[in-house]
Amino acid sequence: MSKDIRIKKGLDLKLKGEAEKQLSNATRSKVYAIKPSDFHGVTPKMILKEGATVKAGEAIFFSKKDEAVKFISPVSGTIQEIIRGEKRVILEIRILADSQDVYVEHSKINPKSSSRSEVKEHLLASGCWPFIKQRPYDVVANSADTPKAIFVSGIHSAPLEGDLNFVLNGKKDALEAGFAVLTKLTSGKVHVTVDSKTDFMPSTEGVVVHKGQGVHPVGLVSTQIAKIDPINKGEKVWTVQIEDVAVIGELFLTGKFNAERIVALTGTGFERPSYVKALIGAQISDVVAGNLKEGNYRIISGNVLTGDKKTKEDALGFYHSQITVIPEGDDYDFFGWNIPRPNKFSVYRAMMFSFLTPNKKYDLNTNTNGEHRGFVLTGEYEKVCPLDIYPMQLLKAILVKDIDQMEALGIYEVAPEDFALTEFVDVSKQDHQRIVRQGLDLMIKEVG
Amino acid sequence: MSLKQNLHNLKEKYRGTKMEQSFNALHTFLYMPNITTHSGSHVRDAADLKRVMNTVIMAMVPVLLFGMFNAGYQMNGQINGFEAVDFFTLDNFLVGLKKILPLLVVSYGVGLGIEFIFATVKKHEVEEGYLVTGMLVPLIVPIDLPLWMLAVAVAFGVIIGKELFGGTGMNVLNPALTIRAFLFFNWAAWMSGDKVWVHGAVDGLKASNGVDAISGETILGALAQNKPLPEHWDAMNSFFGFIPGSVGETSTFLIVLAGLFLILTGIGSARIMISAVIGAAVMGLIFNGLVDSGAIVEGSKFYGLMHLPFWQHLLIGGLAFGIVFMATDPVSASQTNTGKIIYGFLIGLFSILIRVFNPAYPEGVMMAILLMNVFAPTIDHYVVQANVKRRMKRLKLKTA
């Protein structure tokens with residue numbers, strides 16, 4: 001049954017620096033890097049050593065917990081360096097790229113006429129598996145599981161996120177193949193939620209298309225899961241980003257793992273916010289080359305609510321198709337706590353008048369606008385959280401590590417990204433996403 | 001070098017020393033700190049706890065100023081006759097200023113002093129909660145309260161009522177009401193009766209001006225004893241606040257404006273305020289009904305208060321002040337939206353109930369709020385359990 005999802009509780013943060021619909025090609029990086037930390041909870045075991053040559057799409061390490069899950073190199077070249085941290089934890093694998101990519105050639109498979117195990121083997125062998133994530137816990141899916149359903153969000157609602165109609169233009173065939181693959185993996189349905197402007201959606205048997213509208217987080221998959229078929233204790237569902245469904249589809253159509261992403265360059269730190277074609281693992285300095293403004297800016301792989309802080313030398317995150325650059329806010333603000341500040345946004349009206357100009361776009365910086373405090377205000381998180389969950393009560397249960405209470409309050413239904421808005425509006429400046437991540441990790445450890 | 005840079009250098013110098021917390025507390029008042037986000041949401045709302053607390057304080061300023069005028073007006077009115085005295089005169093204001101400013105200074109001085117000491121010893125930042133408490137306290141005490149009593153009570157309220165629980169955000173009871181309850185139970189003669197609610201009533205100005213001692217009685221006190229009310233205590237004057245009472249509680253008009261301000265700014269809970277007013281009105285109507293039905297007749301000791309029309313109950317005493325500024329304290333109130341409605345309603349209900357049935361202490365709002373502070377977590381528990389049960393039921397449906 002197709003559902004209409006309307007989200008009223010939430011917040012569309014209006015920022016300056018939306019990407020113009022112009023696409024250019026990023027310069028090919030000399031070095032590409034894969035960071036195991038992009039795959040939360042995965043302990044990498046290296047397959048290849050430093051100095052080994054790799055093809056594009058060749059596995060370089062696998063997950064210690066789930067050895068079938070392999071992680072591949074996006075380019076062909078030589079493994080230049082494996083950077084390790086404390087206790088020899090692998091932080092980053094750097095691959096010196098050849099000038100031209102040589103791909104690992106996989107067979108072309110028609111997913112519709114294949115069995116579940118054939119499809120699964122193909123995904124695992126090709127390195128596409130990490131695109132599939134599991135709820136609860138928001139980690140890479142376990143290859144032994146069969147999920148009760150698979151959810152794909154076809155809506156981008158986070159601040160300045162790329163326009164999916166633009167990004168997925170011309171990928172209908174790949175998407176159709178990708179969705180056909182997903183339908184094989186679950187015993188239940190594949191649910192896709194799109195909005196009224198969507199024009200990339202193919203119709204595939206076994207895929208239920210839902211309509212979503214309203215404010216962010218309508219595009220977050222947890223929101224859609226909660227409205228369509230909520231996760232209960234003991235159940236597992238999988239999620240895949242829609243861009244990655246196209247990558248999976250392309251693998252089955254062409255036999256190649258094409259690590260190409262159309263990356264939205266957004267935020268006021270860009271001279272020309274626009275789109276760039278780059279490979280997964282590309283060095284950010286190459287992706288943003290010639291487009292960055294001089295000055296004190298923060299580079300974020302992803303959007304401002306959930307992305308990761310990066311330097312120019314870092315690589316584009318594995319799951320990210322957006323780079324946001326906004327001003328750093330590491331300066332003092334004279335009487336900043338009581339005078340009205342027209343260049344800042346607030347959901348409160350406490351001497352802040354942004355509510356008078358609801359359509360104004362802001363150039364926000366990274367200042368926390370206050371110091372860390374205990375939880376004081378109540379009822380504010382609920383206004384931006386459409387899930388049937390008590391955010392503060394859940395956060396407090398996590399902080400005191402009360403597993404029964406966390407379970408009762410719905411920890412299985414959330415991912416850190418669902419707490420980005422509550423984190424944004426929190427006057428006590430607590431790190432909600434970090435707290436939720438800790439809670440999920442504790443659940444993995446204690447409950448599994 | 002600029003002030004900003006100098007202060008920044010000092011901050012670095014004091015980092016890790018005993019001065020750190022105290023210096024930072026003062027520094028952040030001048031400059032919003034240069035802290036940036038590092039993980040999670042990279043941008044944050046412009047409001048912080050200081051801004052929130054500041055908004056509440058701003059809402060209280062008109063009430064405080066009105067309290068200063070009223071202090072002089074009540075005294076001069078009794079001496080010279082209320083018809084002959086204007087309200088907004090400098091003389092009235094100065095009478096109030098002279099008495100209320102010391103209350104404010106002692107309240108902030110003692111309370112913040114303790115907060116700074118605790119912050120330094122426990123090595124956490126000085127939190128803003130007391131900025132509101134410190135302003136509330138002078139507004140809810142009788143004007144002639146000796147300063148040493150206030151100092152002792154503030155120390156008790158801050159240490160026992162708040163810091164022992166872990167500081168701002170952790171306390172069970174509203175700190176300002178804890179302070180007031182401490183005063184009430186230790187020095188009841190200073191906190192109730194008919195001697196304390198007008199400046200000068202305690203020591204009597206008899207000797208100096210030849211008038212009988214000033215009466216320090218309030219409307220509630222008079223009603224509790226079934227006394228007839230004088231003409232200048234009519235509903236209109238009660239509403240605008242030209243009546244005796246604690247320093248800042250008398251003007252229902254200004255308090256309603258403050259309440260609207262808090263609701264519009266998104267800081268105060270409309271749920272609590274509105275449901276509390278409804279709760280009080282319902283209880284008032286019940287008592288009015290008892291009188292109408294003849295169950296309570298003239299001569300009964302409850303007649304005076306039960307006979308008063310329910311809507312007038314809303315205008316007198318500290319009810320409005322308690323509802324707008326104390327019941328809405330987010331830390332000690334219910335934290336769930338449904339819980340807030342129940343919590344507010346019961347506060348209103350109990351306020352009037354205590355008011356009518358406790359002749360020794362005719363204003364019930366303090367007790368009602370403290371009582372509901374204690375029960376707020378219980379209310380929340382049942383509200384949250386409903387959510388938990390919904391989740392369990394979903395699971396059962398699945399497995400069945």
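Visitor: How is chain A divided into domains?
Guide: In this predicted model, chain A is divided into domain 1 (4-14 + 107-254), domain 2 (31-97) and domain 3 (368-446).

Visitor: How far apart are the centres of domain 1 and domain 3 of chain A?
Guide: Their C-alpha centres lie 25 Å apart, and the contact draws on 20 residues from domain 1 of chain A and 19 residues from domain 3 of chain A.

Visitor: And how much area do domain 1 and domain 3 of chain A bury between them?
Guide: About 1,800 Å² is buried between these two domains of chain A, with 66% of it on carbon and sulfur atoms. On the domain 1 side, the residues that lose the most area to domain 3 are A:Lys9, A:Tyr137 and A:Lys233, which together make up 32% of what that side buries.

Visitor: Which residue forms a salt bridge with A:Lys233?
Guide: That is A:Glu407, with the closest N and O atoms 2.9 Å apart. Two salt bridges are found across the interface of domain 1 and domain 3 of chain A, along with six residue pairs in polar contact. Helix α4 (residues 221-228) of chain A contributes five residues, the largest share of the domain 1 side that touches domain 3.

Visitor: Switching to chain B, how many residues does the contact take from chain A and from chain B?
Guide: The contact takes 77 residues from chain A and 58 residues from chain B, and the two chains bury about 6,100 Å² between them, 54% of it on carbon and sulfur atoms. In chain A, A:Tyr332, A:Trp337 and A:Arg373 lose the most area to chain B, together 17% of what that side buries.

Visitor: What does A:Arg373 meet in a salt bridge?
Guide: The side chain of A:Arg373 meets that of B:Glu128, at 2.7 Å from N to O. Across the interface of chain A and chain B there are eight salt bridges and 42 residue pairs in polar contact. Several elements of chain A each supply at least two residues of the side touching chain B, including β18 (297-301), β19 and α7 (391-399), while α9(A) gives the most, with four residues.

Visitor: In what order do the six strands of the open sheet run?
Guide: The order is β2-β17-β16-β20-β18-β19 in chain A, with mixed pairing. The edge strands, each pairing on one side only, are β2 (23-25) and β19 (308-310) of chain A, and neighbouring strands of this sheet are turned by 35° against each other on average, direction ignored.

Visitor: In which sense do β16 and β17 of chain A pair, parallel or antiparallel?
Guide: Strand β16 (residues 260-266) and strand β17 (residues 275-279) of chain A pair in the antiparallel sense over five bridges, and A:Ala264 stands opposite A:Tyr275 in β17(A).

Terms used. Residues are numbered from 1 along each chain as its sequence is written. Chains are lettered from A and ligands numbered from 1 in the order in which they are written. This is a predicted model: local features need pLDDT of at least 70, side-chain atom pairs count only at pLDDT 80 or more; totals for chains, interfaces and linings use all residues. Side-chain values use heavy atoms; hydrogens and water are left out. Two strands pair if DSSP finds at least two bridges between them. Axes are lines fitted to C-alpha atoms, for helices over the stretch in contact, and angles run from 0 to 180 degrees between N-to-C directions. Domain bounds come from an automatic or database domain assignment. Contact means heavy atoms within 4.5 Å. Buried area is the accessible area (1.4 Å probe) that two parts lose on being put together, summed over both. A salt bridge is a side-chain nitrogen of Lys or Arg within 4 Å of a carboxyl oxygen of Asp or Glu. A polar contact is a pair of N or O atoms within 3.5 Å; within protein, one must be able to donate a hydrogen and the other to accept it, and residues adjacent in sequence count only if both atoms are side-chain atoms.
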